[in-house]
Amino acid sequence: MRHKRRVLVVGGGIAGMATTLMLRRAGHTVRLIDLDPGWRVYGAGITITGPTLRAMKQLGIYDEVAAQAYIGHGIRVCDIHGRFLHEVPTPISPTAGVEGCGGIMRPALHKILSAQVLASGAEVGLGLTVEAVKDLEQGAQVSFSDGTEADFDLVVGADGLYSRVRSLLFPEAEKPRYMGQYVWRTVAPRPPGLNQRHFFLGGPHKVGLTPVSADSMYMFLLETCEGRDHVKDVDLAPTLSNLLQSYGGPLQAIREGLSQESAVIVRPLEAFRLPQPWSRGHVQLIGDAAHPTTPQLASGAGLAIEDALVLAAELDVADSVPEALHNFMRRRHERCQLVVESSFEIGDKERSGASSAEQTAILARSLSALAEEI
Ligand SMILES: Cc1cc2nc3c(=O)[nH]c(=O)nc-3n(C[C@H](O)[C@H](O)[C@H](O)COP(=O)(O)OP(=O)(O)OC[C@H]3O[C@@H](n4cnc5c(N)ncnc54)[C@H](O)[C@@H]3O)c2cc1C
């Protein structure tokens, strides 16, 4: 490492935690802050692609993830009755030494990452955000919400879709907008023999299953609608049950198992395109703060970890922070754009009721491109 930098990471999600780990390993001083005093995460499952597993391996968390997660390959595409149609391959470069896909509960992944962050020597501040960032010739001066101020060589905005750092940096930028779909999610027992990710296509909604451990799986359902009033907790399970009405196979069992005790969550899909560069001066946006996407390729977590790997590598070789940020942008833009544009394209197809072959063709093409080494 050429220079030991003082870095502020804003946001302790996947991007911020991965960045903290990589920068601490390289010997930089890191302060990580998160707005949430409880540093909590949704109790939902997350699908992991082969490229995400490869990035996890490079981050040094693969073995811990694999011990708790589902790891497998391929996506089984079925009709709404659960009848097998065809399989979408989940390729990954052979040198990666990982399988093609997987799934894990978000809290399990958060626990693995946050434990490593706490052990890394980073200073972690919770219930804290930034009020202002002033670019200096050699760094950035940050005012915090607790009234304190400090100077850093680099500020990393990893504070997600509604990034405060982004709004301070680019007040003129577009705001996240509704993408025409709500996503419903629940976790269910994993039946014996259900050993792959599943899509159920050709019905009123796109529905998918991903195993997340030896005995559980999560289901998502993408509902196309103009918008929705707030769904009361008491109405979550009955509404999801209605949406699943015409589906058979394993989805019928999930529907029949839904009750007031079921953990059902629903949220609108929101995103937008932030033009490059995703940095100004000594401040860099990464993860969803820089390239928010809809989840059709299940690649947001992988992109977030890759951002951390590339940022740390570029800081290591550059003579200055702005040079590192310039090189980071050069390496990341096209790949992140591929995920965002392909996800939006698949979402368009889903909303217009395009055939399952049309939807999965874009998926297969994108997964194949992402399998290449970064
Ligand atoms: C419904 C849905 C399903 C998804 N499914 C998948 C999937 O299956 N696979 C996949 O790879 N990706 C998936 N994604 C995308 C993935 O969740 C994100 O790309 C990923 O979590 C991005 O990580 P991040 O760290 O950039 O942002 P986040 O995970 O949003 O983390 C941001 C962090 O910043 C903190 N923060 C927010 N504001 C501030 C502030 N002002 N100051 C300080 N801290 C702040 C938050 O508390 C949070 O801890 C999905 C996304 C959605 C919406």
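Colleague: Which residues does Val65 touch, leaving out those up to four places away in sequence?

Modeller: In this predicted model, Val65 touches Ile48, Met56, Ile104, Leu109 and Ile112, with residues up to four places away in sequence not counted.

Colleague: And which residues touch the most other members of the largest nonpolar core?

Modeller: That core has 97 residues, and Leu8, Val65, Ile104 and Leu285 touch the most other members. There is also a second, separate core of 24 residues, with Cys78, Leu221, Ala237 and Ile254 among them. As a general point, nonpolar side chains tend to be buried together in soluble globular proteins.

Colleague: Is Cys78 buried or exposed? And Cys336?

Modeller: Cys78 is buried, at a relative accessible area of 1%. Cys336 is buried as well, with a value of 1%.

Colleague: Let's switch to helices. How many residues are in α9, and how far does it reach?

Modeller: α9 covers residues 321-352, which is 32 residues. From first C-alpha to last it reaches 45 Å, close to the 46 Å expected at 1.5 Å a residue.

Colleague: Where is the kink in α9 centred?

Modeller: On Arg332, with an angle of about 40 degrees.

Colleague: What caps the N-terminal end of α9, and what follows the helix?

Modeller: Ser320 is the N-terminal cap, with a side-chain oxygen 3.2 Å from the backbone nitrogen of Glu323. After the helix comes Gly353, which has a positive phi near 75 degrees.

Colleague: What is the phi of Trp39, and where does Trp39 lie?

Modeller: Phi of Trp39 is near 45 degrees, positive in a residue other than glycine. Trp39 lies in the loop between β2 (29-34) and β3 (45-49), and counts as buried at 10% relative accessibility.

Colleague: What about Ala298?

Modeller: Ala298 is not a glycine either, and has a positive phi of about 50 degrees. Its place is the loop between β19 (283-285) and α8 (300-317). At 18% relative accessibility, Ala298 counts as buried, because the cut-off is under 20%. For background, most residues other than glycine have a negative phi, and most peptide bonds are trans.

Colleague: On to strands. Is Val142 buried or exposed?

Modeller: Buried, with a relative accessible area of 0%. Val142 lies in strand β10. Leaving out residues up to four places away in sequence, Val142 touches Leu8, Val130, Ala132, Val133, Thr148, Glu149, Ala150, Phe152 and Val155.

Colleague: How does Gln141 look?

Modeller: Gln141 is also in strand β10 (residues 140-144) and counts as partly exposed at 25% relative accessibility. Apart from its neighbours within four places in sequence, Gln141 is in contact with Ala132, Val133, Lys134, Leu136, Glu149, Ala150 and Asp151.

Colleague: How far is Gln141 from Val65, C-alpha to C-alpha?

Modeller: They are separated by 37 Å, and lie 76 residues apart along the chain.

Colleague: Last one: which side chain makes a polar contact with the side chain of Glu223?

Modeller: That of Trp184, at 3.0 Å. Glu223 is in strand β16 (residues 216-224) and counts as buried at 8% relative accessibility. Leaving aside neighbours within four places in sequence, its contacts include Gly180, Gln181, Tyr182, His205, Arg228 and Leu243.

Definitions and conventions: Residues are numbered from 1 along each chain as its sequence is written. This is a predicted model: local features need pLDDT of at least 70, side-chain atom pairs count only at pLDDT 80 or more; totals for chains, interfaces and linings use all residues. Side-chain values use heavy atoms; hydrogens and water are left out. Helices (H or I, at least four residues) and strands (E, at least two) are DSSP runs, numbered from the N terminus. The expected span of a helix is 1.5 Å times one less than its number of residues. The bend at a residue is the angle between axes fitted to the seven residues ending there and the seven starting there. A polar contact is a pair of N or O atoms within 3.5 Å; within protein, one must be able to donate a hydrogen and the other to accept it, and residues adjacent in sequence count only if both atoms are side-chain atoms. Buried means under 20% relative accessible area, exposed over 50%, partly exposed in between (1.4 Å probe, protein chains only). A nonpolar core is a set of buried Ala, Val, Leu, Ile, Met, Phe, Trp, Tyr and Cys residues joined through side-chain atoms within 4.5 Å. Contact means heavy atoms within 4.5 Å.
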